[in-house]
Amino acid sequence: MRVLEELKSAAAAVQARAAASFDASQRRAQSRAGVPAEHLGRGVGSQVALARRDSPHRGSRHLGFGKALVHEMPYTLAALSSGVLSEWRATLLVRETACLDVEDRRRVDELICKDPASLEGLGDRKLIARIRSITQTIDPASQVRRNAKAVSDRYVSCRPAPDTMSYLTGLLPVAQGVAVYAALSRAADSLRASGDGRGRGQIMADTLVERVTGQDTADRVPVEVQLVITDRTLLSQIVIPQERISQNGTSESRNGVSGNGNGVPENGSSGDRAFGARPSLPEAPAYFPGYGIVPGSWARELIRSGLGLGICGREASPPGGGSSNQQLRDTSGLPDAESSSQESPPEHPSLVSLRRLYLDPVSGELAAMESKARAFPTGLARLIRTRDQTCRTPWCDAPIRHIDHIRSSAAGGPTSYINGQGLCEACNQAKEAPGWNATPINGVPSGVNGPAGQSAAANAAGAPRQTSGSRHLVRITTPTGHTYTSTAPPLPGSRPGPQSPLGRGAPGTRYSPGRDTPLDVSG
């Protein structure tokens with residue numbers, strides 16, 4: 001095990017040297033191509049990330065780590081190569097000396113890592129303490145610069161947690177962070193003293209949500225249900241049984257269950273049939289943007305909460321104390337077969353909206369759209385976001401920030417469903433560097449815009465011929481000629497195919513876990 005650990009450290013040192021060398025060669029190539037000096041190096045970190053099967057953010061960190069070791073910290077690099085120092089502890093040295101100029105950084109590097117024996121038995125905390133002690137002695141002003149940089153790096157992030165929970169993290173200056181926590185603590189203590197039965201932590205969490213969002217209660221989150229449907233669901237009488245009127249005027253469904261004409265059983269309970277779910281099918285999950293796959297029952301409870309129908313058997317009051325018999329607001333622009341003839345009072349708008357998206361049952365793709373405008377229209381951008389879920393770059397799970405033309409509009413690429421992809425900001429900027437190329441290679445629904453599923457505008461522009469029966473794929477080629485394939489995750493209602501996690505796909509293909517599901521819930 002010791003030998004393998006030393007081998008890992010040595011391999012990390014080789015990767016650091018390779019990254020620094022690769023950066024230098026790419027900068028030279030970009031300079032010869034006429035790239036402005038301020039843009040030299042763009043896209044290099046993304047190439048490192050693809051090679052290491054990592055996210056672009058981590059790829060940039062790997063690149064910065066390698067350049068610091070090779071150009072500024074030779075003793076740390078030597079200790080890493082010999083296996084005395086682990087990659088993580090070398091990262092600590094790079095991080096803690098980032099506020100120093102090059103000469104002072106080299107001095108710290110020499111004082112700490114010149115003698116490898118001094119590193120034996122040194123843990124993370126002791127190593128950091130030694131670095132900061134030497135740094136403070138060499139450059140007292142560095143701590144001031146470090147503090148100023150830390151304040152400028154404040155941010156808020158949200159990460160998935162197990163069991164449909166999330167981590168909302170705020171990196172704040174210490175005074176502000178303590179003030180926020182103290183305010184939440186006072187609110188919790190006050191409510192507990194007045195007889196609130198929730199735990200102190202529960203009250204603090206609920207108060208945080210209510211004060212940030214302005215909601216009356218934490219669980220009243222507005223929800224948009226993107227109901228992805230196929231022709232089977234839209235047209236079949238099996239999924240939504242036709243009702244026949246009996247002689248006494250009441251409605252009766254074909255399966256013999258009596259109802260009130262609104263798709264709700266007479267006993268007042270709202271079952272899955274209200275959302276078009278087939279009772280005989282097993283439980284199917286839903287997709288929550290920004291989180292991922294969630295249980296279908298949890299998604300239904302979220303919708304019930306927005307409708308004021310209670311959570312886990314607990315009745316919830318709608319905003320303003322009105323009736324809890326709110327309706328789903330249909331935003332699809334299509335007639336809603338299950339909506340009531342009565343409208344919700346304007347003073348109590350529904351917190352749940354419904355948007356229906358048509359799914360091709362053969363290819364498992366959403367119905368394609370095209371636009372002659374250069375910018376993606378709102379409806380088309382929404383379709384692409386629903387299809388891609390997160391950034392389409394392999395191994396990048398960042399949220400989608402830009403809807404990008406795969407084949408640029410300057411090169412004749414159409415503004416279409418096939419030629420669009422969702423990217424994070426970093427990946428969209430990286431692909432603008434010289435030598436990057438992206439091409440849609442298949443995945444258009446059959447029978448849409450022509451027999452091959454391709455529009456005349458796309459064919460005229462020289463776009464690659466699309467094939468039916470598979471999900472949307474993009475081939476990415478880096479400046480060094482390496483290719484990677486990005487496959488859109490399976491959509492609700494799609495069936496496992498050759499590009500699915502249950503089948504085989506090309507090396508480097510980006511997959512997202514999922515299975516057939518009728519709901520895509522946006523919070």
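Tutor: What follows starts with the model as a whole, goes on to the core, and ends with some contacts elsewhere.

This is a predicted model, in which local features need pLDDT of at least 70 and side-chain atom pairs count only at pLDDT 80 or more, while totals for chains, interfaces and linings use all residues. Residues are numbered from 1 along each chain as its sequence is written, and side-chain values use heavy atoms, with hydrogens and water left out.

The protein chain has 15 helices and 18 strands. Helices (H or I, at least four residues) and strands (E, at least two) are DSSP runs, numbered from the N terminus. Of its 523 residues, 39% count as buried. Buried means under 20% relative accessible area, exposed over 50%, and partly exposed in between, with a 1.4 Å probe and protein chains only.

Now the core. A nonpolar core is a set of buried Ala, Val, Leu, Ile, Met, Phe, Trp, Tyr and Cys residues joined through side-chain atoms within 4.5 Å. The largest one here has 25 residues, and those with the most contacts inside it include L69, L80, L93 and L119. Two or more residues each come from α1 (2-32), α3 (56-72), α4 (74-82), α5 (87-96), α6 (102-113) and α7 (124-138). Of these, α7 gives the most, with 4 residues. In soluble globular proteins, nonpolar side chains tend to be buried together.

L119 shows how the parts meet. Leaving aside neighbours within four places in sequence, L119 is in contact (heavy atoms within 4.5 Å) with A79, V84, L85, I112 and C113. Apart from this core lies another, of 9 residues, among them L380, I384, I403 and I418.

Helix α5 can be followed residue by residue. Its buried residues are A90, L92, L93, V94 and E96. They pack against α3, α4, α6, α7 and α8 (141-152).

In the loop between α6 and α7 sits K114. Not counting residues up to four places away in sequence, K114 touches Y75 and D109. K114 and Y75 are 39 residues apart in sequence, yet their C-alpha atoms are 5.6 Å apart in space.

Elsewhere, the structure holds 1 aromatic pair. Rings of Phe, Tyr and Trp (its six-membered ring) pair if their centres lie within 6.5 Å; planes under 30 degrees apart count as stacked, over 60 as edge-to-face and the rest as tilted. The rings of W395 and Y484 have centres 6.2 Å apart and planes at 85°, so this pair is edge-to-face. W395 lies in the loop between α13 (378-388) and β12 (402-405) and Y484 in strand β17 (residues 483-487), so the pair ties together parts 89 residues apart in sequence. W395 is partly exposed, at 28% relative accessibility, whereas Y484 is buried, at 12%.

Helix α13 also holds D388, which is buried with a relative accessible area of 0%. The C-alpha atoms of D388 and G422 are separated by 6.2 Å, although the two residues are 34 apart along the chain.

Last, the confidence. pLDDT is the predictor's confidence in each residue, from 0 to 100. The protein chain averages 74, and 63% of the residues score at least 70. Over residues 236-279 the pLDDT is below 50, and over residues 498-523 it stays under 50. Where pLDDT is low, the predicted coordinates should not be read in detail.
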